Amino acid sequence: MLIVDFRNFKIYKMESKKEIEVTSAKENTEIVEAIKSMRKEKNAVILAHYYQEGNIQDIADCVGDSLALAQWAAKTDADIIVLCGVHFMGETAKILSPGKKVLVPDLEAGCSLADSCPAEEFEKFVIAHPDHKVISYVNTTAAVKALTDVVVTSTNAKQIVESFPKDEKIIFGPDRNLGNYINSITGRNMLLWDGACHVHEQFSLEKILELKKNYPDALVLAHPECKQVILTLADHIGSTAALLKFTTQSNTSRFIVATESGILHEMKKLSPEKEFIPAPPNDSTCACNECTFMRLNTMEKLYNCLKYEQPEILVEESIREKAVKPILEMLKISERLGL
């Protein structure tokens, strides 16, 4: 049987006799032990993003942001990489480690930001501006990366943009909020693709201001994918990893966090004496803002993913050969800058 992901025009292999079903009957402790056993037996490594649910972060070999996950995928000696995150992260791992089997717990774990930048439309945009260098955020498909000169993450975007001459004409895509923020702190005037992350777009200014009334001593932390009005309110702006680092070093004991609420798990682990309050979204009675795609991954799906070694991420070689160059350029610049 073939499963086709029409969002990115990729084909994934799945054997018809090994249908993956959620094994919810297993106790969590049994699943954890089974995953650990299979991981050792199959020489697999589990990489998890900070936005995954806490129990997946706890069992992962490496937990990090997009830059860290790419760095680990590039250097691991494991035979199997299980990427617990969203689809483009699995693609990035496969691009960097084509000889390894790359698995994801759920193929439907996509990315609204990546989806906001279809490769065909982005290619037209690039062709229309032939005198521009192309910088693409890591939250893009392999096909978009193949159109790119250098990939960036929120951790290294400022530094990589500044590595270009000041008069360099640049296309930055797909996140307009991150692009606007980088323009504002570098003095650049990059041409921006009009894309955004559904999580970071939804934070409520009014609800954050209400939280500030209730907790006047709290610092507001915001990811640069947030809208400008949220960034203006923030006491500190940074990537997921940068926000985490800030909370460990700050003398403040209370924080309002405007990014996907999965990061609070690691914040609480590293600073258990501090209080972390998730910034709420506009259109929900929920007190936190979660990525619905990230939360599609579960322990049960991770178990089945390792057991059956499916679903597997495959990237067309002609695309991979083009896409790997801007990613390697990012890793080279990041290493040089100590990021």
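## A phenylalanine in a loop

Let us begin with Phe164, which sits in the loop that links helix H8 (157–162) to strand S9 (170–173). Please keep in mind that this is a predicted model. Is Phe164 buried or exposed? Its relative accessibility is 14%, and since buried means under 20%, Phe164 counts as buried.

Who are its partners? Setting aside neighbours within four places in sequence, Phe164 is in contact with Lys133, Ile135, Val150, Ile170 and Arg188. Ile80 lies elsewhere: 84 residues separate Phe164 and Ile80 along the chain, and their C-alpha atoms are separated by 36 Å.

## The chain as a whole

The chain is built with 16 helices and 14 strands. Its radius of gyration is 20 Å, close to the 20 Å that the globule rule gives for 339 residues, so the chain is as compact as a globular protein of that length. How many of the residues count as buried? Of the 339 residues, 56% do. Contacts across the sequence also matter to the picture: among contacts in the chain with a separation of 6 or more, 65% come from residues 24 or more positions apart.

## An enclosed helix

## A buried valine in a strand

Val257 belongs to strand S13, which spans residues 254–258. With a relative accessible area of 0%, Val257 is buried.

What does Val257 touch, not counting residues up to four places away in sequence? The list is Leu221, Ile263, Leu264, Met267, Phe276, Ile277, Pro278 and Ala279. Take Ala279 from that list: Val257 and Ala279 are 22 residues apart along the chain, and their C-alpha atoms are separated by 5.4 Å.

## Helices H13 and H14

Two packed helices are described by the angle between their axes and the distance between the axes. For helix H13 (residues 240–249) and helix H14 (residues 263–270), the axes come within 10 Å and cross at roughly 25°. Angles under 35 degrees count as roughly parallel, and H13 and H14 are therefore roughly parallel to each other. The crossing in which H13 passes H14 is right-handed.

On the H13 side, the contact is made by Thr240, Leu243, Leu244, Thr247 and Thr248, while H14 supplies Ile263, Glu266, Met267 and Leu270. Sorted by class, this contact of H13 with H14 has five nonpolar, three polar and one charged residues. Two of the H14 residues, Ile263 and Met267, are also touched by Val257.

## Helices H1 and H15

Another pair to look at is helix H1 (residues 28–41) with helix H15 (residues 299–308): they pack at an angle of about 30°, and their axes are 10 Å apart. H1 and H15 are therefore roughly parallel to each other, and their crossing is left-handed.

Which residues meet here? From H1 come Asn28, Ile31, Val32, Ala34, Ile35, Met38 and Arg39, and from H15 come Met299, Glu300, Leu302, Tyr303, Leu306 and Lys307. By class, the contact of H1 with H15 has nine nonpolar, one polar and three charged residues.

Conventions: Residues numbered from 1 in each chain as written. Predicted model: local features only at pLDDT ≥ 70, side-chain atom pairs only at ≥ 80, totals over all residues. Heavy atoms only, no water. Axes fitted to C-alpha atoms, helices over the stretch in contact; angles between N-to-C directions. Helix = DSSP H or I, 4+ residues; strand = E, 2+ residues; numbered from the N terminus. Parallel < 35°, antiparallel > 145°, perpendicular 65-115°, else oblique. Left-handed = near helix turned anticlockwise from the far one by under 90°. Contact = heavy atoms within 4.5 Å. Nonpolar A, V, L, I, M, F, W, Y, C, P; charged D, E, K, R; others polar. Rg over C-alpha atoms; globule rule 2.2 N^0.38 Å. Buried < 20%, exposed > 50% of the residue type's maximum accessible area, 1.4 Å probe, protein only.
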